[in-house]
Amino acid sequence: MCGIVGYLGKRPVTDVLVNGLSNLQYRGYDSAGVAVVNENCISIVKKEGKLENLESALESTPVSGCVGIAHTRWATHGKPSDINSHPHYNADKTIAVVHNGIIENYKELKAFLAEKGYEFYSDTDTEVIPKLIDYLYEDNIETAVMKATDMLKGSYALGVVSSKDNNKLVGVRKQSPLIVGIGENENFIASDIPAILDYTTDVYLLDDNEFVIITDEGIKIVDRNNNVIEKAIYKVDWKKENVSKGNYEHYMLKEIHEQPEVTKNTLDSVIDQNTGFFRKITFDKEMLSNINRIYLVGCGTAYHAGLSGKMAIETLARIPVETDVASEFRYRNPIVDSNTLVIVISQSGETADTLEAVRKWKGKAAAVIGITNVIGSSVSRECDKVFYTRAGAEISVASTKAYVAQLTLLYLVAIEMAYTKGILTEEESKEYISKLYQLPKSIETILDSEDRIAALAEELKDEQSLIFLGRDYDYPVALEGALKVKEITYINCTGYAAGELKHGPIALVEKGTKIIAVCGSMRIEEKTHSNLREVMTRGAEIYCVSSTEHKEFTNIVISETIDLFTPILTVVPLQLLSYYIAKHKGLNVDMPRNLAKSVTVE
Ligand code: M6R
């Protein structure tokens, strides 16, 4: 979603801001802008569309200064346009604000300010903020920001500058991410680490209702009552290469190719190489024996990982699991008590609906556990316990390596739970773990057939719709494959449990309908094959991902593993298929239309 960058230092400020925005583009946006303070005025340049539009505008209207804020906007209130872009400012352009989040009471605030004589030009919720700060300003910008946030309802991360305090950069967060980058004689604010990785790897992670005031003297972090907060410096372990494409044409392809290494990294983070067993047992035996229900909660791809996680935990640890979409879970009335475990899954750790599940059930469930990829993310900080996927920065909007890392971790959790409950012995657990360690090699083998998958993608690229089918362990993968192809190729894809075909979807099948079948799980492969024959007799053409060749279908073959772990392998050809269909169609693979990498608003 929207991206914030703020800078105070000696470098050319627009260069730092635009570079930061460029590294945040992956979050998704539809306009971009900067505000730079110079002596007694603020110069604001903002443009609808891609960052290049802003860059051209800055070339024709250069602005300079040593403190500034910048923003990429993903429209929520008001369509993408120059006027709705951030920064927003007060009437005399002495205060400028960038904002991520949603101000829920903006209509009331707008009416209140209009009565005081303030005029509004945009359709955004954000525009009330600089005007409110202006109204509350007495003698310094930080106090005015603090007073303004007392009146704001909703979620926000803010970057604020004022030409009345011309060497100051103020930031604050509430339910929207904001970090502080620590440099030498220069400091930053940003909504995400990649924005500052070119300059520093030392950061402070702001918590809700914490304010940062950056001046020439350094960084001060305070609470609502202006009490200074001492925070630990967090060292980012992502490398710059993580946020570059390397030799690949797109981040998505690079990230698909990183999956063997990612799977191994995630395993190594939990498993002791010498013993082939867990470094430490994280679940308390007594606590686990009291757990009679687990909820796995996430959105999109993370939800699909949760569907496979449910099967793994139920199969191995014999605890009933429900997997829920976070946006549903937060509003329905689930039965959560001290015998319930809530596990949330989120690559970014900042997804608004997923975070709400954490906030709602922490303290009521036996524990709320987070599985996330981003160290220091809100999920990692707010959950009772956190497991990190070791996927490294995932830049492409379409999630690939994070999904495979989530599956790996969920399998490990299932094995560890089964061991703790006494269902699996140490030896049996090691057997499963050693099978997991074979997967990186098997993923590499699938990647070797990339050219063939690219050729199949060519055959599929002009389809109007595709049907994905799978049963048992393959069903969540069919859903994930449909999502992957849909989100980056804009082909209408639907995923079904193969056994559901005759209950409706088969009506869609006619001569030439293309069906992508996931048949990794051998134990009921024949059942899925029967379903496939049913659609073939009605003219469908089948593309089948499985571990054995079948004459009747176009096959994409994966190496064998135990049925339970096949999703880690069967998903890879589907990721490649979606990538190559989008590439053949000439689409923007890494930044599909309308989508944002990190969905930080509801
Ligand atoms: O950061 P999260 O894992 O919480 O994100 C959840 C979804 O928004 C995400 O998986 C989305 O569905 C991806 N674009 C799928 O590729």
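**Notes on the sheet, the domains and the cavities**

1. The strands here, like the helices, are DSSP runs numbered from the N terminus (E, at least two residues for strands; H or I, at least four for helices). Please keep in mind that this is a predicted model, in which local features need pLDDT of at least 70 and side-chain atom pairs count only at pLDDT 80 or more, while totals for chains, interfaces and linings use all residues. Residues are numbered from 1 along each chain as its sequence is written, and side-chain values use heavy atoms, with hydrogens and water left out.

2. That bridge takes us to β7 (residues 154-162) and β8 (residues 165-174), which pair in the antiparallel sense over 6 bridges. Two strands count as paired if DSSP finds at least two bridges between them.

3. Both strands belong to an open sheet of 6 strands with antiparallel pairing, in the order β5-β6-β7-β8-β12-β13. β5 (88-89) and β13 (218-222) stand at the edges with a single partner strand each, so one side of each has no neighbour in the sheet.

4. At the β13 end, a hairpin of 2 residues joins β12 to β13. These two strands pair in the antiparallel sense over 5 bridges, and I213 has K220 in β13 as its bridge partner.

5. Do look at helix α5 (residues 141-151) as well: α5 lies across β6 (95-103), β7, β8, β12 (210-215) and β13, at about 25° to β8. Axes are lines fitted to C-alpha atoms, for helices over the stretch in contact, with angles from 0 to 180 degrees between N-to-C directions; contact means heavy atoms within 4.5 Å.

6. The chain is assigned domain 1 (3-240), domain 2 (251-437) and domain 3 (447-584), with bounds from an automatic or database domain assignment. The centres of domain 1 and domain 3, taken over C-alpha atoms, are 45 Å apart.

7. There are 3 cavities of 30 Å³ or more. A cavity is a set of points on a 1 Å grid over the protein atoms alone where a 1.4 Å probe fits but cannot get out, and lining residues have an atom within 4 Å of a point. The volume is the space filled by probe spheres set on the points, which are joined across faces, edges and corners.

8. The largest cavity has a volume of about 230 Å³. Its lining has 25 residues, with D192, I193, S348, E350 and V374 nearest the centre. Domain 1 and domain 2 both give residues to this lining, so the largest cavity lies between them.

9. The second largest cavity, of about 100 Å³, is lined by 14 residues, with C2, W74, T76, H86 and G101 nearest its centre.

Technical notes. On a 1 Å grid over the protein atoms alone, a cavity is a set of points where a 1.4 Å probe fits but cannot get out, and a pocket is an open set with protein on both sides within 12 Å along at least five of seven lines; lining residues have an atom within 4 Å of a point.
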